[in-house]
Amino acid sequence: MSTASYCPNTPEEVREMLAAMGAASIDDLFQPIPPGLRARSFDLPAGMSEFEMLRRFEHLAGKNAQHLAHFVGGGYYDHLIPAVVDHLSGRAEFYTAYTPYQPECSQGTLQALFEYQTAICRLTGMEVSNASLYDGGTALAEAAMMALRITGRNRLVIDGAVNPFHREVVRTYLANLDVELVEIGPKLGMEDDLRLRAAIDDATAAVLVQNPNFFGSVSDFRKLAADAHAAGALLVVSAYPVALGLIESPGAMGADVVVGDGQSLGNPLSFGGPSFGFIASRKEYIRNLPGRIIGETVDKKGQRGFVLTLQAREQHIKRHKATSNICSNQSLCALRGLIFLSSLGAQGFAELARLNYDKAEYAKKVLGSLSGVEVMNGGATFNEFTVCLPTIAEEVVTALLRKGVAAGVPLSPYYPEMERCMVVTVTEKRTREEIDTLARHLEGILCS
Amino acid sequence: MSTASYCPNTPEEVREMLAAMGAASIDDLFQPIPPGLRARSFDLPAGMSEFEMLRRFEHLAGKNAQHLAHFVGGGYYDHLIPAVVDHLSGRAEFYTAYTPYQPECSQGTLQALFEYQTAICRLTGMEVSNASLYDGGTALAEAAMMALRITGRNRLVIDGAVNPFHREVVRTYLANLDVELVEIGPKLGMEDDLRLRAAIDDATAAVLVQNPNFFGSVSDFRKLAADAHAAGALLVVSAYPVALGLIESPGAMGADVVVGDGQSLGNPLSFGGPSFGFIASRKEYIRNLPGRIIGETVDKKGQRGFVLTLQAREQHIKRHKATSNICSNQSLCALRGLIFLSSLGAQGFAELARLNYDKAEYAKKVLGSLSGVEVMNGGATFNEFTVCLPTIAEEVVTALLRKGVAAGVPLSPYYPEMERCMVVTVTEKRTREEIDTLARHLEGILCS
Amino acid sequence: MQLIYEKSVPGRRGVRLPASDVPAAPELPAALRRKEPAALPEASELDVVRHFTGLSRRNFSVDTNFYPLGSCTMKYNAKVLEEAARLFAPYHPMVPLLPHGSSFSQGCLGLAYELGAALAEITGMDEVTTQPLAGAHGEMTGIMLIAAYHEAKGNKKKYVVVPDSSHGTNPASATMVGYEIITVPTAPYGDMDLDRFREVMTDEVAAVMMTCPNTLGLFNPHIQEICDIAHDHDALMYYDGANLNAILGKVRPGDVGFDVIHLNLHKTFGTPHGGGGPGSGPVGVKKQLVPFLPSPRIVKYDDGCYGVDAPAHGSIGRTSGFFGNFGVMAKAFAYITMVGREGLIQVSEQAVLNANYVMHRLKDVYDLPYDQTCMHECVFSAARQVKSGVHAIDIAKFLIDRGYHPPTVYFPLIVKEAIMIEPTETESKETLDAFIAVMREAAELAESDPAAFAEMPRTMPVTRLDETKAAREQNVCYFGC
Amino acid sequence: MQLIYEKSVPGRRGVRLPASDVPAAPELPAALRRKEPAALPEASELDVVRHFTGLSRRNFSVDTNFYPLGSCTMKYNAKVLEEAARLFAPYHPMVPLLPHGSSFSQGCLGLAYELGAALAEITGMDEVTTQPLAGAHGEMTGIMLIAAYHEAKGNKKKYVVVPDSSHGTNPASATMVGYEIITVPTAPYGDMDLDRFREVMTDEVAAVMMTCPNTLGLFNPHIQEICDIAHDHDALMYYDGANLNAILGKVRPGDVGFDVIHLNLHKTFGTPHGGGGPGSGPVGVKKQLVPFLPSPRIVKYDDGCYGVDAPAHGSIGRTSGFFGNFGVMAKAFAYITMVGREGLIQVSEQAVLNANYVMHRLKDVYDLPYDQTCMHECVFSAARQVKSGVHAIDIAKFLIDRGYHPPTVYFPLIVKEAIMIEPTETESKETLDAFIAVMREAAELAESDPAAFAEMPRTMPVTRLDETKAAREQNVCYFGC
């Protein structure tokens, strides 16, 4: 057998196997397929060795701009990843296993995911978490559908300051359902959002907000939570996990369901995936959580062990009555998140958040002091903020890209009225020198 | 405790531990050291995080010339390494274990090394192998000392065509012992070496040769073996393992001890280390082999298992009467060698050797056809050959280095009379295009 | 094993962060500030390494055990794929979405585009989107595309038809898009009952979702006819690609008449499953559905450059954050690049050979509800063993003690006590022979000493676990300190 | 587990090589050509992965078990060190040896040079060569330097003096350089007997080899006096650096009067042991020995560039192929860079704290032949347990069953039934407390049920192995097919 396809059987073995089943050739085995259905084309290149493939891939990777200084976020963040994360998640027993359907020979994955659920609960201030969803956007959509199921209502209010990509995913998910989705336009610089509170009525299933929001502003949603609960609606908060090392947990602010994207926890940028979505809620809503959940139990000898639990909610049992269609999730990325959090530890994680905050505050000061540049966030921010420039932001970003700096995300594609604004992200990986360089370049462009 | 030093104890724990032993401070524990002996200086930089260290190391690595096309060998060869080698040798249970002194909890390392010994025996055509020495040069020196012990004689004949670095190591090892080391000057282009055969007398413990030799020539040492054995001397052959995929094994040619460097088997160039030295011999000499040897045995239930055996030869038992002082060897590199050989397999390894041979023959043809360039090897070569240029080889190599090609190893530092010669190495990694480029550059320089 | 939280010691520190090079900023307002750091583990780096290394050793996996889990295609995951994907770790997905940013992401955009093109050729479709993040996500996306198609044509559609052997995600996905489900039973010959199918097909059917070969491992010889019937009602044919491994290079769903398909790159194209994810579920469509594909769409211009298209007017919009699970896509593209045309054909041939071999060697001791040439997997029933009180789950636990990951049990639901075996093409005859011997031993033991199964597994860190207790107590988060 | 050779199947193929891009050359002459490919394994890539993954799981290791192996300093090996070393994988060691080649290897040369400089500062020596490939290789190199020194001075020297507690490599290394060995016994106070030392010291002694703290874990308070006595006879003092972890930042051998030292980077500086190697054994010397250092020597020029010096006239020549085990050196330099000055001091303090803690908590149940404050390790004797028939090796096997790698047993040779415990600084009080509890349990069991030890270990893939059979049969190579 050629080694190209990773098929081990030798021609001799193939002969023996065919003989054992009385077949003359492998073609005999494909006799159930009517001849008229055979492939009309299969025009693919010949294979190659792993070495040639790697050389080709290195060439391909080299076609991306190297060493851009990233001041862009938009839901994906350039954070440090300790070496232990790659090493441990690269253990073959983790990454070449399937979903832990057989608990006795899957305790490694099961216990790790139980620990992951615990970490998510502790970060978000919630009581229960599932074992991961696809990503931040789909997690928000699942939370929206969860709120519809829980309340039996069909109206959702979403803050326009939620990440526009995530809002679009919610819109896509709801497009074919009988649901009213009300978007409340964002207002930069307003902290406690009266507009949102005014939009809640007694048909509202949930209010969906993000903290920090897309513009980087950190909000206190306690009043919004109170209003929502008074109207019988849920508060769904989308959170940036690294920020939770510094800012108050959504749970403490009154959220009922918390979602977010876990990329920032030990998962590389990797052009947008894979990462994981997390979803956590108050305990009373556990049966409405989508996806897999790991539960603690005991074995016949009374030893602690872990199993997939509440599977009756899932598609492989409930089929079309399931809480969600999700099957494969993002286990390995969630495991990376857990290892990341464990290796930094409680204090380290708080320090990480603090580093992000301090660096962004420094950048805010430096950029804000440039002539004609205005920081638009009224209140506090975490590691992103919005600046208004004296000129079209898209042009500035284009000019800076050429200098090797991805300076920020211009807002006009998402908020056409904000064509002079962009969101600048500053993670712990950005050095003071890079921030100063950004400021110098920006000044150079604005002066020219 | 700071996380910098990987010390986990918290200040609280340190206090508890000191209290448990009735010490007031850690300083108390250093009271056995007289105050006058305390360090007079300890002027080292402050520590840093792994991320900062990696950035510094990336900068350092970047100071080496990148992407040189290597036509240099000299004992270290630029070969392909399948991804499985890194993956499997990177299993923590292999690389964070110590020498397998406790066999029951070290069967992984022990069985792997037993399989390694088997692979070395099969490659070299010998009956017994140890579990690795430091490198090719020290293995040759150990073989020389082994021959002195076995024969009780004190004269060694070494072929001048043995790798000059390895000869120098042998010279260093023997410098303080009462041994006569006779070097027989090389003659390029002579195949069966009458000069060596003439040098054997009945005081000679061994003849040390290399196949292929430093100039790349492949020799038939059967006659030399016969002469040596007739005089009661041993034949020690230093072999290049990749070549053994194509050329006759030293054992079949009559060698008594075979050594070599295993870098070419799955170990990266890594600026010269770590790799491993191998040593194998006829069974009768097993008690004179240096270093660790793994043997098969059974446990109390009769199951097969593996142990360190014949340890009575080693320094930790025999102390100054040991066959060698070696303790730590190059286990992990030997394991990489075994995984490399296993993943290519018998046929793949033969194909690898064939690729080297074909590419070198192509290069020989292309370079040999340049005006004024002469291939000096009289007979067959494997993947290296010696060319004579119309001008000083060092100058040519210097000029080509600046064009990004390491064209070969000039011979004048090692053989002053060969100032116009250099050895060109062509492994399977060199492409036809690279070979043609080398020829073009060389022609350009020779014409100018 | 203790939980990492139980191993924590207050004040113990792990990985060290770089020192700050900027001044400390004033504190956040108290209302916004977290009062206590989240109670994450407090462990040293060595604690973390020992903990997770130890956990990993409590798993079965492809690299340590034969893993014939039916419907999951647990083939060997080449180690070099990890290296290939790592090459793309540093690239930010926002870059090509910045103005003129696509020229800074040609490598990533090119990989995604060329992967889509290769998958289109492999499946006979006109265009492929790589955005969906797993098979089920692909199904949902595919059904949304179908809904958009019908809406654009003004069709009034209400139902999606699935066979009763379908995977649970099919009806669940269609439901998420707002359709009602009609289930068609399986006929004694192992395929969807054609007569019943004809009966349920009306002009209100939006789509028919088929897996082919189906979850019994059987290829439906009437598939062309089914497509024709569906198209007569302007219903679209949806192909669930979970079993594509069986027919690579042999049959292309697009040629047969399917309009929308999804693939599971983590099954067919050798990317690892990661203990349950991440996967990747690209969706392929025929021409008439291209306008509805999710945005952002990656396109190739005439000059060979790649770009990101402005959202088309009819697009269903984003179904996930960016361009799909790119790291997984990179591994799949590396796999296709290495295996190549001939290799992919070999994959399906050897997968089918291995499955039939196991089927032949076991069918005398286990019931085979549908005794025909199978494709890449075969489904037995433990019905015969149940007579002596030994169930499929017991046989599964016996296998665990013998170092084999059990086959899929109790799926498909239409086979009682189902044991669904998918050996994949990367396993050798030796491995299969050893597995067959152990399966036969299980059958013998079920005859000779059925009570012995109760204590199995006995070689694992835990014995059988109490799932009822887990569901009742719902301890899904550790409440200790 | 089967051997990989037993798993082989004729004709089975593994990793695929690139296709050839050159014409096939004519065959080698028959006399030179191998007739049959060597009988290497024939396995698929998955076979190889399963085999070696399976083997790896049959090992204890630092990442899976506490590993208090005395004299070996089995500290945590930071994972990032592997990444750091991998950065230097592509660089060929011949390049700086080509004419004008050193400017093409500034990164590698610089790393080796700066590591040497850091080690010189850490140990108080004037210059360090990184060429030796392990501790024992460093010893041999060091003794060769001493021989060269005496030869250059015209000294007639015959002997090397070692204490009886020394590691076996010390006398073995000195013998390889042609010296005879004089062994000095250990006095009741745990250090070399000073009076006996004075007696054996004559002008024919070339060197005195000391480990300090010695292999009993004790710091010799007379070390300065020993140096003075040796120097009075123009004998040089050799420092075996295996135990340097105990005194980092506290004592520098160079300050005390040692003339030549070796270090074990794989012990003190956190590089992994790899199941027995590779290590790295740099040698440091005082000024008067610099001219004899091995070639090639890496030097730094005034302009900050690094180069390779032409061999000095007095150099002992090469002791190995190139510049030392560079990959190991890179890891050690990364470790020193990360840990830094304060961290290294913390290392010795915590190592000594942990060792004394274990010593205090066990000395009531095990005999402590030298009851003093120890440094980084402590040596107990199982003499008390032997009375009930339980030996050090039995306690070792008991520990294996409890998931602990045993301490070093039966070394140093001067302690009967020695149990040599080196916890290292990277282990926490929790780990030590758990280990102490298990050690105490072993002592209790030795009293209550000594026979129980005979069957241990019982949790490993094999029970106790027959070492005599192995030595008698000398099966060191598999002779099957």
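I started with C:Y404, which is buried at a relative accessible area of 12% (buried means under 20%, 1.4 Å probe, protein chains only). The model is predicted, so local features need pLDDT of at least 70 and side-chain atom pairs 80 or more, while totals for chains, interfaces and linings use all residues. Residues are numbered from 1 along each chain as written, chains are lettered from A in the order written, and side-chain values use heavy atoms without hydrogens or water.

C:F435 is buried, with a relative accessible area of 0%.

I then turned to chains B and D. Their contact (heavy atoms within 4.5 Å) takes 191 residues from chain B and 207 residues from chain D. Together they bury about 17,200 Å², 64% of it on carbon and sulfur atoms (accessible area lost on being put together, 1.4 Å probe, summed over both).

I noted eight salt bridges between chain B and chain D (side-chain nitrogen of Lys or Arg within 4 Å of a carboxyl oxygen of Asp or Glu). One I looked up joins B:R354 to D:E27, at 3.1 Å from N to O.

Key
Buried area = accessible area lost by both parts, 1.4 Å probe. Buried < 20%, exposed > 50% of the residue type's maximum accessible area, 1.4 Å probe, protein only.
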